[in-house]
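This briefing is meant for a reader who is meeting the structure for the first time. Please look through the sequence and the model before turning to the notes below them.

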Protein chains: 2
Amino acid sequence: MERAFQDTYPDDLAWCYGCGRLNAEGLHLQSYWDGEETVATFTPRPYHIAIPGYVYGGLIASLIDCHATGTAAAATARARGIALDTDPSLRFVTASLRVEYLKPSPLGVPLEIRGRVSEMSGRKVVVTATVTAAGQVTARGEVISVQIPEEMRPGPLRQA
Amino acid sequence: MERAFQDTYPDDLAWCYGCGRLNAEGLHLQSYWDGEETVATFTPRPYHIAIPGYVYGGLIASLIDCHATGTAAAATARARGIALDTDPSLRFVTASLRVEYLKPSPLGVPLEIRGRVSEMSGRKVVVTATVTAAGQVTARGEVISVQIPEEMRPGPLRQA
């Protein structure tokens, strides 16, 4: 069984609220390859409400964000022909995030988040994404991801 | 004591995960006027982690989103010289959200979110925002808010 991108992150980088497998309170988004695209599915919790009946926009932004940084890491590994769980980790962080909310996302159905790399240069990867609910694209996003700066990598002192 | 913008939302529009006073699981962001600007303060919970030691970017996007829609409603009420808790409510939703992450936001300190209206035309209000942590601006945002479309207002059938 193929592992989700996020499940290959090393333990010290697996605490993200949106997608880290070690964050007990988190959303645990899991992203996979689907041909040249990446895909993740997430069913919002009943309290992820904006207006009653519709999904909270901040959650949609969060899902796009985590799916895009995962996509950036996976696409970099694929482009270099190396494993995603290489050491040091290919973990990416977000430099900028843009989301257009095209229509309200109904609450109570799974959201499908799809990503595609639109640009890759050095440590920077640009990912575009769509969010689909009940067969309709409800949001589009663009994320500029950069490989994690060395000073953000958790060190022994920070972990202690 | 001045009420937060979000605390003036009518009951049927007060369920937002980011700022609705009736969402028991939510973040309960509260925004206020400060002269021509608006301000909110939020201390991330210990699990709102991106990389260990730093705040989750999706949370920052969420705070900017809710602060901006609140600012849009408050600024519209002020421009019209009417109360914010007027009926029908001036509730706004997000058409687009852009966040630039300038530097990592340290976890463990309050975040200050400041908003300012940059454009107001008809049902549309554009709000720019900054997020400050420990005296440094760590993120900038721009939100295009629109007054809630009639079809998104909860009706008796949806509430039943």
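The notes that follow concern a predicted model, and they go from the pairing of the chains to single residues.

**How the two chains are related**

**The interface between chain B and chain A**

- On the side of chain B there are 39 residues in contact with chain A, and they meet 39 residues of chain A.
- The size of an interface is often given as the accessible area lost when the parts come together.
- For chain B and chain A the buried area is about 3100 Å², and carbon and sulfur atoms give 66% of that area.
- In chain B, the residues that lose the most area to chain A are Y17(B), I51(B) and Y56(B), which together account for 21% of what that side buries.

- T69(B) has its place in helix α1 of chain B, which covers residues 57–80, and T69(B) counts as buried because its relative accessibility is 6%, under the 20% limit.
- Apart from neighbours within four places in sequence, the residues in contact with T69(B) are Y9(B), F92(B), V93(B), T94(B) and S145(B).

**Cysteines without disulfides**

- A search of the whole structure, over all chains, finds zero disulfides.
- C66(A) is in no disulfide, and the nearest cysteine sulfur to it, that of C19(A), is 3.7 Å away; with a relative accessibility of 3%, C66(A) counts as buried.
- In chain B, the cysteine sulfur closest to that of C66(B) belongs to C19(B) and is 3.7 Å away, which is too far for a bond because a disulfide requires the two sulfur atoms to be within 2.5 Å.
- C66(B) is buried as well, with a relative accessible area of 2%.

**Backbone features to look for**

- In chain A, a cis peptide bond with omega of about 0° joins D87(A) and P88(A), and P88(A) lies in the loop between α1 (57–80) and β3 (92–101) of that chain.
- In chain B, a cis peptide bond, again with omega of about 0°, joins D87(B) and P88(B), and P88(B) is found in the loop between α1 and β3 of chain B.
- A134(A) has a positive phi of about 50° although it is not a glycine; A134(A) is found in the loop between β5 (124–133) and β6 (136–147) of chain A, and at 61% relative accessibility it counts as exposed.
- H28(B), which is not a glycine either, has a positive phi of about 60°; H28(B) sits in the segment before β1 (31–34) of chain B, and at 34% relative accessibility it counts as partly exposed.

Technical notes
Residues numbered from 1 in each chain as written. Chains lettered and ligands numbered in written order. Predicted model: local features only at pLDDT ≥ 70, side-chain atom pairs only at ≥ 80, totals over all residues. Heavy atoms only, no water. Helix = DSSP H or I, 4+ residues; strand = E, 2+ residues; numbered from the N terminus. Buried < 20%, exposed > 50% of the residue type's maximum accessible area, 1.4 Å probe, protein only. Contact = heavy atoms within 4.5 Å. Buried area = accessible area lost by both parts, 1.4 Å probe.
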